[in-house]
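Hi there,

Here is the structure I promised to pass on to you. Please open it beside this email, and we can walk through what turned up.

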Amino acid sequence: MVQLDDGLEAATHGTIDVLQSSSDDTLDLAFVNTAEKPKSSETWDWDNDPSNPYNWPTIQKVLQVMMIAWAAFTTSVGVSIISPAHSQFMEEFGVSSTVAILPMSLYVFALALGPIVGGPLSETVGRYPIYVGAITLGTLFTLGVGFCPTFSGLCVLRFLAGFCYAPTLAIAAGTINETFKPVHRALPSAIFILTPFLGPGLGPVIGSFVVNRKGWRWTQWTTIFFAIMTGITITIAKETFHPIIKRRRARELGLEAPPSAPLSSKLRLFVTISLLRPIHMLLTEPIVGFICLYVACEFATLFSFFAAFPLIFQGTYHFNIESSGLVFLAIVVGCLLGTVTVILCNVFLYLPKVANHPEGQTPPEYRLYPALIGSVGLPIGLFWFAWTARADISWASPVVAIVVFGWGNLCVFVSTTQYLVDTYHGLTIASAMSANGLARYGLAAAFPLFTVQMYTRLGTGWASSVLGFISVALLPVPWVFFKGGKRLRALSKYQTAENSK
């Protein structure tokens, strides 16, 4: 049984009570004045209410997962589907090689900024309107890119498209956590996490064929096709944000809903949680700072391949644009293998630890098993690729090396993300994940801009080795946290998981 006021309790008169919602990275903000409690004290059985997403039939939950998966794929495929158009941009608009990468980099940079607005807004109007608005606006700007006659306009519209699509990635985890109870989240979470990685891997494959046969503008029509598919799934999806559903249910039952937070309070919390606190945590929290640095560098390495692979495989192995695009399938294979690794680590390494902590106090460090394994695979894949991408060695060798890198990258990303979510509590989860996204996409947007120059001046071997040395330097991060995470959590100024033994 739940009270009509959603179980919220104000600590002092006229204070803002901030409670963590069922999402790992979203928060339910409500203003509760202890002097103004709801007039009705009626209750209803929310746990067994059919409107509770936890009680939806399986088919409806499958549709929700399908919707967020398509939305995530559409957003992420839009990153790289335009990368094979690099040469056509140079020819059509008369821009330099570096400038021709801007349409892709600006889209990636927008992915770092979009969630700052979309995430908090989803907790005011609900998840569903954000999905509808994000896909609609993002598609309109994508349509504008396809018709744009100037390069400057193309860059602006690409940024706006990425900014509008970005919230679909930010709130998807919340949708899963509001639809599935913890014991049932493993499979839908794995599907969601995989799709944003498949997009960058499949984007250049699709884009290379489209650009070669139809021209770069057709990459945008292709993206719109995926957006239309997402729109179809959205029409059969539902709202999942529990506070919104509870208020609607209260009105249906003729009960008095709890008051919402005033606009001034929401704005103050928005500035604190979405803007200031992520930066503060990034600079002052070792766990957040080093994990964000690690993930950002490996993401940036992945995105630098969008510029490096055509240069290497067309220049060294004389692949055509379509064949060089197919090389990116190696990243897709690596991501699939990484997903399998994460699931196996969860079943055989993490869950047995959970069984030994029946009170739900499992140390977050046990989430790092996939990262420990993947941290070794990253430098192996990069150095392997660096010194086998030569004309006297078969192209198959560097392609296999890319598989190893893709595998390690997904293992590190998923594992460290789970670690952050389990380490911090309350509002700090949203702030830590905001810091992660800002660092990840911010650095990933910058790396491709100097990749061509780096590979041209240093050569494939040493340029890729630079990336390998970075992964070696950051390799100890998950190992140090696995051993000393408990002490670091104890020193944190923010609310963290209890230091379990």
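Let me begin with one cut-off: a residue counts as buried when its relative accessible area is under 20%. Please also keep in mind that this is a predicted model.

Now try the cut-off on one residue. Is Ser415 buried or exposed? Its relative accessibility is 0%, so Ser415 counts as buried. You will find Ser415 in helix α16, which covers residues 396–423. If we set aside the neighbours within four places in sequence, Ser415 is in contact with Arg367, Leu368, Tyr369, Pro370 and Ala371.

Some of those names come back in the cavities. The structure holds 2 cavities of 30 Å³ or more. About 60 Å³ of space lies in the largest cavity. Which residues line the largest cavity? They are Val342, Cys345, Asn346, Tyr350, Tyr366, Arg367, Tyr369, Pro370 and Gln418. Sorted by class, the lining of the largest cavity has 6 nonpolar residues, 2 polar and 1 charged. Arg367, Tyr369 and Pro370 belong to this lining, and they are also among the contacts of Ser415.

The second largest cavity holds about 30 Å³ of space. Its lining is made of Gly78, Tyr107, Thr142, Val145, Arg158, Ala161, Gln220 and Thr223. Here the elements that give two or more residues are α4, α5 (151–165) and α9 (217–235). The classes in the lining of the second largest cavity are 3 nonpolar, 4 polar and 1 charged.

Next, have a look at a pocket. The second largest pocket has a volume of about 450 Å³. How many residues line the second largest pocket? There are 26, and Ser83, Pro84, His86, Ser87 and Pro310 lie nearest its centre. At least two lining residues come from each of α2 (86–93), α3 (102–125), α8, α12 (286–315) and α13 (321–326). The largest share, 5 residues, is from α12. The lining of this pocket has 17 nonpolar and 9 polar residues, with no charged ones.

Then there is the core. The largest nonpolar core has 114 residues, and those with the most contacts inside it are Phe89, Phe309, Phe313, Phe385, Tyr424 and Tyr455. Helix α12 turns up again here, supplying the largest share of this core with 19 residues. Leaving aside neighbours within four places in sequence, Tyr455 is in contact with Phe305, Ala308, Leu311, Ile312, Phe385, Thr460, Ala463, Ser464 and Leu467.

Why is helix α7 (residues 172–179) largely enclosed by the rest of the structure? In α7, 7 of the 8 residues are buried, so the helix is largely enclosed. The buried ones are Ala172, Gly174, Thr175, Ile176, Asn177, Glu178 and Thr179. These buried residues pack against α1 (58–80), α4 (127–147), α6 (167–170), α8 (186–214) and α10 (242–252).

Enjoy exploring, and write back with any questions.

Best wishes

How values were computed. Residues numbered from 1 in each chain as written. Predicted model: local features only at pLDDT ≥ 70, side-chain atom pairs only at ≥ 80, totals over all residues. Heavy atoms only, no water. Buried < 20%, exposed > 50% of the residue type's maximum accessible area, 1.4 Å probe, protein only. Helix = DSSP H or I, 4+ residues; strand = E, 2+ residues; numbered from the N terminus. Contact = heavy atoms within 4.5 Å. 1 Å grid on protein atoms, 1.4 Å probe; cavity = no way out; pocket = protein on both sides within 12 Å on 5 of 7 lines; lining within 4 Å. Points joined across faces, edges and corners; volume = space filled by probe spheres on them. Nonpolar A, V, L, I, M, F, W, Y, C, P; charged D, E, K, R; others polar. Core = buried A, V, L, I, M, F, W, Y, C linked by side-chain atoms within 4.5 Å.
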